[in-house]
Amino acid sequence: MFVMYEKENMKVPVRVWLKERKDLEGSCLEQAYHLSQLPFLHKWVSLMPDTHAGKGMPIGGVIAADGVVIPNAVGVDIGCGMAYTETNIRVADIREVITGNGSLIQAIVGDIMRNVPVGFAHHKTMMPSYTMDCAFEEMDRYEEDAELLGQLEAGYYQIGTLGGGNHFIELQEDDDGYLAVMIHSGSRHFGKSVCDYFHYKARQLNQTWFSSVPDEYRLAFLPVDTREGKQYLNWMQLSMDFAKENREKMMLAVKAILEKWIGKYTELSLEFSHDINCHHNYASFENHYGKDVWVHRKGAVSAQNGELAVIPGAMGSYSYVVMGKGNPESFCSSSHGAGRQYSRKGAMAAFSCEEVILDLQKQGVILGKKGKADVAEESRFAYKNIEEVMNNQQDLVVPVKRLKTIGVVKG
């Protein structure tokens, strides 16, 4: 970890969990400078080892704000995060099993694709959702923002859907040979609508207040004691609840698919354990260094002492279950993944679809994806080395379990 601080240009330091400054990309460095000039930050800016440029604030960024929230410092996919479960089944006991649809793992991947909408697809009928039911029961908390009310009904169609981009459902094998499931997804269009709506509101208000935060920083803020700030917190929490339920619904679907196929083609008795469901795009009211602050984690996961979290790599590489060390210098946070080293367009230009598919085949990874033309966007080559990321945050988390992709569904 190194620290950047130029007293004449920065109000607070920036702590970066990388080896040296040259490891920080230029656009991410610029955004870090912008953050360091915010007038309401507590202590410093923390950048995790997977950090790279985002909208306004770097992905892998953590800040503690005094009395304000910044929609773009939470991000458009509010509540995006990970769900995880372990099984008592050894991958070696199912890998060679053949069904009428190829291998058992191929059949499971195919069934997941048929049952979990991916990409822009939603359910065709309204699905049960306790999050949306609660929202309608507490309508007085949301009805002031009429432009967003349509998202409540739309949520019934979006719940239990994966989305696209870097979202995935993976079948994985841990170092002891056991099967596990990992899901990466968030609040779908629901959370994006909330972020966009309140970022626009914040920009308008910041101009009225003659804010010292330049609009081009894309870090417009809302004081939490204003009507708009309170409403954003209501909608943000609803988006987080939606995202958590979204992952729960998909995990239940995957568990049912595993039970069906493993029960049909083997004599094995399937059990699930050690479930985890954690966010990595959100703001949380916490106490750090003796002050109550709003900790914004954008592409960062909470790593309180003893807290379990999930840090995915990229398809075809390793992922980790970790336990937090509660390091106060990172505001008790860690990386949320490997972090991109190529933009999506950059990855498409650098790597061909054929070489990515061949790489997955060589590793024995079953890929479930409806359109493979853009598969290079999410290849393991487009991301940083997860082992280096983990090495750079030894003071933040302790690895509990390492897992390798054996099958993956991508949007």
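Student: I would like to start with the lining of the largest cavity: how many of its residues are nonpolar, how many polar and how many charged?

Tutor: Happy to, and please keep in mind that this is a predicted model. The lining of the largest cavity divides into 4 nonpolar, 1 polar and 2 charged residues. You can find them as Met-315, Val-356, Asp-359, Leu-360, Ser-379, Arg-380 and Phe-381. The volume they line is about 30 Å³, and the structure holds 1 cavity of 30 Å³ or more.

From there, let's turn to the pockets. The largest pocket has about 1,300 Å³ of space. Its lining takes in 45 residues, and nearest the pocket's centre lie Val-76, Asp-77, Asn-166, His-167 and Arg-344. Sorted by class, the lining of this pocket has 22 polar residues, 12 nonpolar and 11 charged. If you follow the secondary structure, strand S9 (168-174) and helix H6 (188-208) each give the lining at least two residues. H6 supplies the largest share, 3 residues.

The second largest pocket holds about 370 Å³ of space. It is lined by 17 residues, with Leu-18, Asp-23, Pro-49, Lys-384 and Glu-388 closest to its centre.

To finish, here is a place where two helices meet. Helix H3 (residues 104-115) and helix H7 (residues 227-265) have axes that come within 10 Å and cross at roughly 145°; the crossing is right-handed. On the H3 side, the contact is made by Leu-104, Ala-107, Ile-108, Asp-111, Ile-112, Arg-114 and Asn-115. H7 brings Val-254, Ile-257, Leu-258, Lys-260, Trp-261, Ile-262 and Tyr-265 to the contact. Taken by class, the residues of this contact between H3 and H7 are 10 nonpolar, 1 polar and 3 charged.

Conventions: Residues are numbered from 1 along each chain as its sequence is written. This is a predicted model: local features need pLDDT of at least 70, side-chain atom pairs count only at pLDDT 80 or more; totals for chains, interfaces and linings use all residues. Side-chain values use heavy atoms; hydrogens and water are left out. On a 1 Å grid over the protein atoms alone, a cavity is a set of points where a 1.4 Å probe fits but cannot get out, and a pocket is an open set with protein on both sides within 12 Å along at least five of seven lines; lining residues have an atom within 4 Å of a point. Grid points are joined across faces, edges and corners, and a volume is the space filled by probe spheres set on the points. Helices (H or I, at least four residues) and strands (E, at least two) are DSSP runs, numbered from the N terminus. Ala, Val, Leu, Ile, Met, Phe, Trp, Tyr, Cys and Pro count as nonpolar, Asp, Glu, Lys and Arg as charged, and the others, Gly among them, as polar. Axes are lines fitted to C-alpha atoms, for helices over the stretch in contact, and angles run from 0 to 180 degrees between N-to-C directions. A crossing is left-handed if the near helix is turned anticlockwise from the far one by less than a right angle, and right-handed if clockwise. Contact means heavy atoms within 4.5 Å.
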